[in-house]
Amino acid sequence: MTDAIDEYFAVALELVKSAGNLITDYTSGCKDFKLKSSDIDLVTEIDKKVEETLISGLTAKFPDHKFIGEESAFEGVKCILTDEPTWIIDPVDGTLNFIHGYPSSCISLGLVINKEAVAGIIYNPIVNQLFTAKKGQGAYLNDRQIHVSQVKDVSKALISFEAGTTRDEEKQRIVFENFKMIVTKAHGARTVGSAALNMAMVALGGSDAYFEFGIHAWDIAAGDIIVREAGGVCIDPAGGPFDILSRRVLCASSQELAQELASMLHQYYPERD
Ligand code: IPD
């Protein structure tokens, strides 16, 4: 299986790097966008082009592989996760940043086999940050192996989270409650505007935990394996096992930190993918 994953990964990596050129053409922002589920859930032609590039390139090499893609889902393709090799794609994670020219967006590509993420690529071409991981082979930023931090207590943790892309009042109330909790109990709060890059920061040891309610499988598939290969954990924000289709995530540098944070969070349960 390792040889097969290495082969799949090598093909995917070249495609992601080349698709990154579509993003770097717009380092100052991309003002041409459309609305999706709300006035802050946005899509550009670049999102669509990156996703098409990845799906056509991977299909040409691996015709039996399946796909779950953010923009395909928006076009009405159902999110079906089987045991077959499935590429889970967020073509531009941090689309709002991309539109504004805030240099914190990335391509996020995860490979899931038997419902477990086995390879992941998170690539921010604007600042040339390439996070990668393959099952059992560690996590890397460019050529350097990375590890999560040693932090085990919320009181000493730098914690990132996101408000997400909905204006739903109940969801926003929970976001504010959790923000208040972090500001009063943790070392600090961060939000970088991309779920995948938040997870990459935990893998890097730059932040100690990240949680969000309302994300989708494509936001977190690559981050899941990258965090775990860097020595961290991904769980459900209420403390149970991670479920990639649940639209809920909490990742952290250790199980202790993850469980302590989970016990302190106000919970929100969006509709599943
Ligand atoms: C979004 C970003 C954002 C997160 C949202 C995601 P997109 O992804 O990751 O940080 O808060 O939940 O939907 O729409 O930019 O691909």
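In which strand is the place of Asp90? I looked this up in the predicted model and found Asp90 in strand E4, which runs over residues 86-93.

**Entry 1: the annotated pair**

I began from the UniProt record, an unreviewed entry, whose "binding site" annotation covers Asp90 and Asp93. I then located Asp93 and found that strand E4 holds this residue as well.

Is Asp90 buried or exposed? I counted 33 C-beta neighbours inside 10 Å of Asp90, and the threshold for a buried residue is 20 or more. Asp90 therefore counts as buried. For Asp93 I found 32 other C-beta atoms within 10 Å, so Asp93 is buried by that criterion.

I next listed the contacts of each residue, leaving aside neighbours within four places in sequence. Asp90 is in contact with Glu70, Ser108, Ala196, Trp218 and Asp219. Asp93 is in contact with Ser105, Cys106, Ser108, Ser194, Ala195, Ala196 and Asp219.

**Entry 2: helix H2**

I turned to helix H2, residues 45-61. H2 has 17 residues and reaches 25 Å from its first C-alpha to its last, close to the 24 Å expected at 1.5 Å a residue.

Which residues of H2 are buried? I recorded Ile46, Asp47, Val50, Glu51, Leu54 and Leu58. These residues cover an arc of only 135° around the axis, which puts them on the same side of H2. I set beside this the general rule that an α-helix has 3.6 residues a turn, so residues three or four places apart point the same way.

I also examined the face of H2 turned away from its buried side, and there I found the exposed residues Glu45, Ser56 and Ala60.

**Entry 3: the whole chain**

Along its principal axes, I noted that the C-alpha trace spans about 50 × 40 × 35 Å.

How values were computed
Residues are numbered from 1 along each chain as its sequence is written. This is a predicted model: local features need pLDDT of at least 70, side-chain atom pairs count only at pLDDT 80 or more; totals for chains, interfaces and linings use all residues. Helices (H or I, at least four residues) and strands (E, at least two) are DSSP runs, numbered from the N terminus. The expected span of a helix is 1.5 Å times one less than its number of residues. A residue is buried if 20 or more other C-beta atoms lie within 10 Å of its own, exposed if 12 or fewer, and partly exposed in between; C-beta atoms are placed from the backbone. The arc is that of the directions from the helix axis to the C-beta atoms. UniProt positions are given in the numbering used here, feature names are shortened, and annotations may be inferred rather than shown by experiment. Two residues are in contact if their C-beta atoms, placed from the backbone, lie within 7 Å.
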